[in-house]
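I wanted the contacts first, then the surroundings.

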Amino acid sequence: MPIKVQCQECGGTIAVPDDALPGEIVSCPDCGTEYEVVSVDPKAGRAELKPAEEVKEDWGE
Amino acid sequence: MPIKVQCQECGGTIAVPDDALPGEIVSCPDCGTEYEVVSVDPKAGRAELKPAEEVKEDWGE
Amino acid sequence: MNRTTKVSIIGASGYVGGELLRILSRHPGVEIVAAHSRQHAGEYVHRVHPNLKGVIDLQFTGEDPVKVASNSDLVFLSVPHGTSVKITPKLMELGVRLVDMSADFRLKDPSAYEVWYHYRHPYPDLLDKFVYGLPELHRDELRNARYASAPGCNAAAAILGLAPLARHGLVTNGTIVVDVKVGSSGAGGKPSPATHFSERYGVVRPYSPAGHRHVAEIEQELRISSGRSYTIAMSAHAVNIVRGILSTSHTFTDSGNMDQAKIWRAYRETYREEPFIRFVRDKKGIFRYPDPKIVIGSNFADIGFELDPHTNRIVVLSAIDNLMKGAAGSAVQAMNLMLGFDERTALDAPPLHPV
Amino acid sequence: MNRTTKVSIIGASGYVGGELLRILSRHPGVEIVAAHSRQHAGEYVHRVHPNLKGVIDLQFTGEDPVKVASNSDLVFLSVPHGTSVKITPKLMELGVRLVDMSADFRLKDPSAYEVWYHYRHPYPDLLDKFVYGLPELHRDELRNARYASAPGCNAAAAILGLAPLARHGLVTNGTIVVDVKVGSSGAGGKPSPATHFSERYGVVRPYSPAGHRHVAEIEQELRISSGRSYTIAMSAHAVNIVRGILSTSHTFTDSGNMDQAKIWRAYRETYREEPFIRFVRDKKGIFRYPDPKIVIGSNFADIGFELDPHTNRIVVLSAIDNLMKGAAGSAVQAMNLMLGFDERTALDAPPLHPV
Amino acid sequence: MNRTTKVSIIGASGYVGGELLRILSRHPGVEIVAAHSRQHAGEYVHRVHPNLKGVIDLQFTGEDPVKVASNSDLVFLSVPHGTSVKITPKLMELGVRLVDMSADFRLKDPSAYEVWYHYRHPYPDLLDKFVYGLPELHRDELRNARYASAPGCNAAAAILGLAPLARHGLVTNGTIVVDVKVGSSGAGGKPSPATHFSERYGVVRPYSPAGHRHVAEIEQELRISSGRSYTIAMSAHAVNIVRGILSTSHTFTDSGNMDQAKIWRAYRETYREEPFIRFVRDKKGIFRYPDPKIVIGSNFADIGFELDPHTNRIVVLSAIDNLMKGAAGSAVQAMNLMLGFDERTALDAPPLHPV
Amino acid sequence: MNRTTKVSIIGASGYVGGELLRILSRHPGVEIVAAHSRQHAGEYVHRVHPNLKGVIDLQFTGEDPVKVASNSDLVFLSVPHGTSVKITPKLMELGVRLVDMSADFRLKDPSAYEVWYHYRHPYPDLLDKFVYGLPELHRDELRNARYASAPGCNAAAAILGLAPLARHGLVTNGTIVVDVKVGSSGAGGKPSPATHFSERYGVVRPYSPAGHRHVAEIEQELRISSGRSYTIAMSAHAVNIVRGILSTSHTFTDSGNMDQAKIWRAYRETYREEPFIRFVRDKKGIFRYPDPKIVIGSNFADIGFELDPHTNRIVVLSAIDNLMKGAAGSAVQAMNLMLGFDERTALDAPPLHPV
Ligand SMILES: NC(=O)c1ccc[n+]([C@@H]2O[C@H](COP(=O)([O-])OP(=O)(O)OC[C@H]3O[C@@H](n4cnc5c(N)ncnc54)[C@H](OP(=O)(O)O)[C@@H]3O)[C@@H](O)[C@H]2O)c1
Ligand SMILES: NC(=O)c1ccc[n+]([C@@H]2O[C@H](COP(=O)([O-])OP(=O)(O)OC[C@H]3O[C@@H](n4cnc5c(N)ncnc54)[C@H](OP(=O)(O)O)[C@@H]3O)[C@@H](O)[C@H]2O)c1
Ligand SMILES: NC(=O)c1ccc[n+]([C@@H]2O[C@H](COP(=O)([O-])OP(=O)(O)OC[C@H]3O[C@@H](n4cnc5c(N)ncnc54)[C@H](OP(=O)(O)O)[C@@H]3O)[C@@H](O)[C@H]2O)c1
Ligand SMILES: NC(=O)c1ccc[n+]([C@@H]2O[C@H](COP(=O)([O-])OP(=O)(O)OC[C@H]3O[C@@H](n4cnc5c(N)ncnc54)[C@H](OP(=O)(O)O)[C@@H]3O)[C@@H](O)[C@H]2O)c1
Ligand SMILES: [Zn+2]
Ligand SMILES: [Zn+2]
């Protein structure tokens, strides 16, 4: 059961896998903001995230 | 040799055939405004025009 | 569920009519009892809508619309504006429920018809009987309504993107530029020299740079939903696709509103539980903002935005399939509400991709 | 119905994988338990298939396909040929049902892989365990089959058009010219310089004038269904669309067979009750012969023909949506048969028009 | 050079007429004295051909074609077939040079008009006075000819690809399958329901699977250039582009001719010095075979081939811009020969890419 | 005239490079001595630019650009921005004339590079040596200039439409909304997942709703030509075409300026004798406003406008072929001025229509 965390940027719901490891990158389904997993507590259904450094990807046009 | 008349709406140059008859419709190449030929004087190279009544044509989109 | 509600369609040979037929063919609660066409009366529906071969086994009827309506529980009118106004009042006398696709009953203010449609509305007192058929803004009124008026396709796209900002006071400059790009099906199925393939292919054709009639309903709906007045500066362009609309709305605001979180909040609060609204805004991948390409065939309205600090501008992007959310999809959604069906019935087909 | 059958997809980030997801999301009898992708493991499915936002709430898994399969009742493999053959045999050991989209298990004759695919098939004895996944030709075998191999998209179009004529002995010249026109999605989702929009737009590009690999399966299936041998002279062209295939098959026959009634009979007898075959041949209207435009988004195969007395030729035209009837649609239809569902489940969406 | 030759165009409001105007506007040796149109008489040419604004400052004339011709040294007739035959004979009486774009004077055998065009040719003895206007096959006859008949666009593509093989005896099976894919401009500028953008966009529409009229001229020209008889099994498809044709000709031969060097030799010998023939056959890069995309706007005919040892087939691919090499370009090339200009005059614009 | 001026192109394998080659191949006064490419060094030019087969018989060189330049009288650099700035200063030391297609020398204000291009310009004092290469605004400076910097394609479209109004004080609101629709070739020839045909086809993709880099040069050029400051609120959209740009500029003004005659006068006075500016504004016919479709292949910039009394708005529409007037066409026009040729040399090809 993934743990639901609210996105700080847009309020969307991020699904963090309950077996995610600290340092793993997850992203918001709505706005794409990336977060680094700080810790996961599957029992309490809680996960702590911090904004990840984003590499700008060129879009081409 | 068509007679050149300036369009009252846009300043474009309208070519009025020197054998045009009064009542004939000519139009401006730049803005499409239609004029009715009032008179043509081929020798003097002059033509008198007056704005024609325009029927609105539907463009479809 | 057995198909107990009888519906018919006047204008069934047009593009909106065809889309209504396509959707309703998969609706478990309704039976299509008549598809009306003058030009194709007697012909099989699939001769005009070849996609429906093997789907709908019906012939067009040329019977009088009043006759058609008298055998129906609900009638869709997908005829041109100016035509509906001649038919609809007669049908209202029959007590049948109606969903009108034309503009003839969209505006509340009769004088607006003179300004924007250049005719004097012959039934000004009927206008108030129609609910503007965008469930996202008028859901409660639509439940049990007798008469609904489906939105204009370009208007639907613009309104859905702008209403949340207007409602939350995030647009402080009264003039909003609405720059619309639309596919050919938005203009219906009637050929003209301008729609001849060789002339229409590959265009970016500004077909209505000013004076677009949907200005009236966008201004009306923003006013209703926000209590404030906005002036819409609209231009519409025909582009090289058949289905789909992208509306780019350029709004200006105070610098204090140049705040993503605030804007997201406005959208989420307005559309929290909406089944057909999606937010599209991504930092990676191919589709970072709404694009009609990814709603084709569905009832979704995709909404996104970008901030421009250089000009204190919020650019609002909204994309719909004009024949679905912009017409038949919203109309069936309204019908579902009017008749007490689950709002999503027959409307849950996912968009196609790639297409 | 509750979604009791667990299905997963290996190759779920590709175009066929995305189409399977789209179809299965509306299938009442199955639950999608895993969508496998190496490159997108951990990402939301909708980032790759933006149409599925709000439709499927799932992230790709990067787990080993064997692990994925061990939690599934049925697995679709929509990976490239040459890749499936490395994965499939391992999954067969698990006892899971499989539908393979690749060519690796389509041909019955192992040596054909050397000729047409330029590799030596490592598991020749597994080939017989797979049923060729065209329900129109192999329905009975598919019922309760464990393993199916979905047809090639161009092959599906050609075979469906030709099999009835072959079966009824209406093609007397052994060589059939199959001239195929196909959209870009037939080549999958992997970018290359040749698929760069500016280079690919507007082409009529003969990408495989000779040596097309689907020749093998067309010849195989015509032989199986008619008991006769045909030689296929195939050329394939990429055209300026995304979805859809038109196959034009030029067959030659004896003058006695130049008889519409005879040909109609052959088609009707073969496809009498088929839910997804439509005959398209009209003397009026805009769409007089099959055209991929009018099958888009659906599982229909449209079939038509014309007689050319000048050359004793029967021109067979067949149109499909390559991602539907040409891939995921036929695959789900096969799955429905394998699992005992109504064959049409989740496949009844009418095509879009206009689009 | 001063523009001394006076040319006029009957049918100047059509697509071929517009293309003639475009080309001739840059021809240093001719003066366009009249552009004839019935429907647009008096209007500026650029209102119908908007590309020519600022290029040609001329108004259409509605004068009788005979009057027009009497002031001209050479007249192009780009009117429909069946119409030319009513005008052309009168113009011939004036002694003016003519290039007819229609089919009315292309065939040498009067009876062929009954078979393929379903009318009885009223001037059978005039047929021999016209040279078939493909300079690659009839250069010497065109020099100083008075009357030329430009080829059909699909025919031009097919003939240019096939003639060298026919001439060198490399096609041993008498029946050749010609499968043509053509853009919308090949059907001219007249709108119809079938050319309405929403209906025509995205099609692969088999518009003439059998009975295509160009069969007659392909058979004629192959016979003339090879001394042998071939039967053409032709099918034509409308595809999602405006300009351009790809003809795929499937020819069958003896295994001894399945020899690239032999085939190359046939092409090179036939077209050694041709200014507008290019061979396209590459093992690398994006464009490995002819594709109309890369001839757009030019007078080039691109020709390539592939061998199919599986069926002893030589697949011949030829691509042209139908309005250029397939119509106005060949016509001006013919005119240049007739009038003693350098053949390439006004025709040397390179194709556009990407486009 | 003999081809006496030696020109070379760095970045010749790109789309702008290819267009320069196409144009220059027909320029009687120049000889193309080198086409530089790193990736395709040694290959025939026509392998990358297949349209140029039979037109240019040249192989790409991989020699150092400095070496290339030392044998040239004038060099075009059609390389990405950020790359030019590394090469150009070295070439300037050689004394060769230069036309740079990139943005690296377009802006006069070095600090603007930090804001809009996110890099610190390493040669701020070189900026003044470059003339902004729009002959319509800088003709006199270009005559005999040594260094020119071709405009950005979207910028060129917007500036040409807006400058006359700015110059004549007809825009009184300081913020102008520039909503641009552009074809795929504007993004160059490098493939990416986002340009994969199946993903790019049919889009209306807002690729740069805010922060578009061309804002800087539009603001600069409007300021230079009017002496006033304007703020540009720009959004750019990729549409379903390869070539062409439509810029829709929404400007607001005082009601006294809502006067067609005034606006026409501003345009005529600014562009009186311009060979490549056309006014497009018609009340009848198919093309009533500028549309990129009717400039394809030419150096024309089409300009039109519409008045919106509802909002005191002047909507300015301008259409160009991005590879011509938006890049290579303007660059060659600039070169012609720099070298004393007639400005129109090699640039007089009429647009294609229909296409
Ligand atoms: N297309 C869109 O995206 C869209 C979106 C939102 C709203 N709408 C609105 O929906 C309506 C239909 O649009 P459409 O695109 O479907 O147009 P369409 O393709 O042109 O179809 C119009 C239909 O109306 C019928 N009709 C025309 N005049 C009539 C008359 N005097 N009496 C009875 N029937 C008449 C025609 O059928 P017969 O001639 O065979 O009787 C045809 O079936 C319009 O009001 C339009 O503004 C369209
Ligand atoms: N497109 C059609 O119309 C069509 C029709 C009929 C049959 N087919 C067949 O269906 C299959 C899929 O075609 P497609 O068009 O969907 O292609 P595609 O878009 O290129 O997708 C291929 C998929 O396979 C996965 N994949 C590639 N190499 C893999 C490997 N070594 N191990 C595991 N997964 C791998 C890729 O995902 P990751 O790289 O993310 O793992 C991707 O999801 C092919 O066999 C094709 O021939 C296609
Ligand atoms: N399109 C091609 O690729 C192509 C290629 C090769 C050959 N052709 C042949 O070239 C000819 C013209 O084709 P198109 O594509 O240009 O067709 P189009 O666009 O339909 O133009 C036909 C022209 O003929 C004129 N016309 C029609 N009926 C007439 C009549 N009774 N008397 C005098 N003028 C008449 C029309 O002008 P008004 O009605 O204004 O007088 C119009 O200008 C046809 O014979 C066609 O088969 C076409
Ligand atoms: N496309 C347009 O409409 C347009 C309009 C106005 C201005 N421009 C500008 O024109 C320039 C070229 O654009 P394009 O569209 O032609 O792009 P493109 O198709 O991507 O071509 C770029 C060219 O630059 C070369 N190149 C790339 N990196 C290089 C490096 N480090 N050193 C030397 N050469 C390098 C490439 O060739 P090799 O890798 O083979 O060396 C290629 O030939 C850009 O600055 C663009 O902004 C483009
Ligand atoms: Zn978020
Ligand atoms: Zn005027």
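I am working from a predicted model.

**Entry 1: the zinc ion**

I asked which residues hold the zinc ion (ligand 5). I found the SG atoms of Cys7(A), Cys10(A), Cys28(A) and Cys31(A) as its protein donors. They lie 2.3 to 2.4 Å from the ion. Along the sequence, I read the spacing of these donor residues as C-x2-C-x17-C-x2-C.

Next I checked the geometry. The four donor atoms subtend angles of 104 to 114° around the zinc ion, so I logged the arrangement as tetrahedral. The criterion I needed here is that all angles lie between 85 and 135 degrees.

**Entry 2: ligand 4**

I turned to chain F. How many residues surround ligand 4? I got 27, and the closest are Ser13(F), Ser37(F), Arg38(F), Val79(F) and Gly189(F). I sorted this shell by class and got 10 nonpolar, 15 polar and two charged residues.

I went through some backbone contacts. A polar backbone atom of Gly189(F) is 2.8 Å from an oxygen atom of ligand 4. For Tyr15(F), a polar backbone atom lies 3.0 Å from a ligand 4 oxygen. For Gly11(F), the corresponding distance is 3.2 Å. I then noted the cover: ligand 4 taken alone exposes 890 Å², and the protein buries 84% of that.

Which helices contribute to the shell? I found that α1 (15-24) and α11 (324-339) of chain F each supply at least two residues.

**Entry 3: ligand 2**

I repeated the look-up in chain D. Ligand 2 is surrounded by 27 residues, the closest being Ser13(D), Ser37(D), Arg38(D), Val79(D) and Gly189(D). I counted 10 nonpolar, 15 polar and two charged residues in this shell.

A backbone N or O atom of Val79(D) lies 2.6 Å away from one. A polar side-chain atom of Gln39(D) is at 2.8 Å. A polar backbone atom of Val16(D) is at 2.9 Å. On its own, ligand 2 has 890 Å² of accessible area, and I noted that the protein covers 85% of it.

Note on methods. Residues numbered from 1 in each chain as written. Chains lettered and ligands numbered in written order. Predicted model: local features only at pLDDT ≥ 70, side-chain atom pairs only at ≥ 80, totals over all residues. Heavy atoms only, no water. Donors = N, O, S within 2.8 Å, 3.2 Å for Na, K, Ca; no water. Tetrahedral: all angles 85-135°; square planar, octahedral: opposite > 155°, others 65-115°. Near = heavy atom within 4 Å. Polar contact = N/O pair within 3.5 Å; in protein donor to acceptor, adjacent residues only side chain to side chain. Areas by Shrake-Rupley, 256 points an atom, 1.4 Å probe, with all protein chains shown as cover. Helix = DSSP H or I, 4+ residues; strand = E, 2+ residues; numbered from the N terminus. Nonpolar A, V, L, I, M, F, W, Y, C, P; charged D, E, K, R; others polar.
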